[in-house]
Amino acid sequence: MTTPDDLTPALDRWGDHLASAAARPMPSELAAAVSRAGRARNHRRWAAPAWAAAAIIALATVAVTFPNQAPRPASALQPLSLAALTRQASDAQGDINAVEFPDAPDSARVRPEEVISRFPPLASR
Amino acid sequence: MPADDASLLRAMHAGDAAAADALWSAHAPRLTALVHAMMRGAGAASRFADDAVQTVFLRVLSLDPDAVDAIRDVRAYLTQAARAAALNARRAESRESARREELSARPSGAFTLPEGLDDLVANLPEPQREVVLLKHVAGLTFDQISLVTGEPRATLASRHAAALKSLRTALQPAPGATA
């Protein structure tokens, strides 16, 4: 007979009794779900590196196949000489002289020579 | 130990079958017993308790890794989830109480408390009964019960003391009764 004095241990034993009676092996559905979770985790773990490796291989393949298309490093660029700059400026001036504005009124026309005279070439400064 | 449980939980979440088995063995029996006791009177309580506890574990697997890392007290977390499942199921049961009345008259199965404590616990007021179940069946401390129910520890301890007092009173031999 349970007496009031040993009530707390009796309740603890009751809980133990219920728990031991309720013990079951882990269900197969749960074991399968855990296995799936492991596979999904492994997939996530390797998916990103695999994509990165594929991208690197693709870029390397393009660089080897089309070497002339690859951008040259900055150190390979040669500075233009003063003569080359002057020649380019002269060509540009010729292009400006060739521009015509047939619809503009005479008062609004500005001859290209006037504009260019206000901005002498760099070499003359 | 909660720290070991947390490691097991993370390992199970990562797909470690041995960790899952260890966690199941450590917690599933008490969780199942708790749900069963909370569902007392329901015809399918035993089967429901098994399913509910399995669902609790399956839900852990569906959590984000960050959410799993945030679980500090695994026993309290699992008990909270199992309790919620039992409460939801009990509400559903109450909607069909008339239809289940006949089933509830069946014997409650293997879970019987010797010497009449079973019925005495079942007849406690609901708040007191829940504290008794969480403490003695689920095996939680008052701090863990506070985590599970969201109620202050002092309130829970007071309810537990009141429950024990009621049980002791009920167990007192009637005056003049022979031993």
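Reply: Happy to. Let us begin with the salt bridge: a side-chain nitrogen of Lys or Arg within 4 Å of a carboxyl oxygen of Asp or Glu. Please keep in mind that this is a predicted model, where local features need pLDDT of at least 70, side-chain atom pairs count only at pLDDT 80 or more, and totals for chains, interfaces and linings use all residues. Residues are numbered from 1 along each chain as its sequence is written, chains are lettered from A and ligands numbered from 1 in the order in which they are written, and side-chain values use heavy atoms, with hydrogens and water left out.

Me: Which residue forms a salt bridge with A:D16?

Reply: The partner is B:R30, and the closest N and O atoms of the two are 2.2 Å apart. To place them, you need helices: helices (H or I, at least four residues) and strands (E, at least two) are DSSP runs, numbered from the N terminus. A:D16 sits in helix α1 (residues 7-22) of chain A and B:R30 in helix α2 of chain B, so this pair joins two chains.

Me: Are these two residues buried or exposed?

Reply: The general idea is a scale: buried means under 20% relative accessible area, exposed over 50%, and partly exposed in between (1.4 Å probe, protein chains only). B:R30 is buried, at 19%, while A:D16 is partly exposed, with 39%.

Me: How many salt bridges are there between chain B and chain A?

Reply: The count between these chains is two. B:D50 counts as partly exposed at 25% relative accessibility, and A:R24 is partly exposed at 36%.

Me: What is the count over all chains?

Reply: Over all chains, the rule gives six salt bridges. One of the pairs lies inside chain B, where the side chains of B:R153 and B:D143 meet at 3.0 Å, N to O. B:R153 belongs to helix α10 and B:D143 to helix α9 (residues 142-149), so the pair ties together parts that are 10 residues apart in sequence. Both ends are partly exposed: B:R153 has 42% relative accessibility and B:D143 has 47%.

Me: How many residues of each chain are in contact across the interface?

Reply: Contact means heavy atoms within 4.5 Å. By that rule, 36 residues of chain B are in contact with 28 residues of chain A. Another way to describe an interface is buried area, the accessible area (1.4 Å probe) that two parts lose on being put together, summed over both. Here the value is about 3000 Å², with 70% of it from carbon and sulfur atoms.

There is also the polar contact: a pair of N or O atoms within 3.5 Å, where within protein one must be able to donate a hydrogen and the other to accept it, and residues adjacent in sequence count only if both atoms are side-chain atoms. Across this interface, three residue pairs are in polar contact (both at pLDDT 80 or more).

Me: Which helices of chain B supply the side that touches chain A?

Reply: At least two residues come from each of α1 (2-13), α2 (17-38), α3 (45-61), α7 (117-122), α8 (126-137) and α10 (153-171). The largest share, eight residues, comes from α2(B).

Me: How do the two chains look as a whole?

Reply: Chain B has 10 helices and zero strands, whereas chain A comes to four helices and zero strands. Buried residues make up 43% of the 179 residues in chain B and 14% of the 125 residues in chain A.

Me: Could we finish with one residue inside chain B?

Reply: B:V56 is buried, with a relative accessible area of 3%. Leaving out residues up to four places away in sequence, B:V56 touches B:L78, B:A81 and B:A82. The C-alpha atoms of B:V56 and B:T79, 23 residues apart along the chain, are separated by 9.0 Å.
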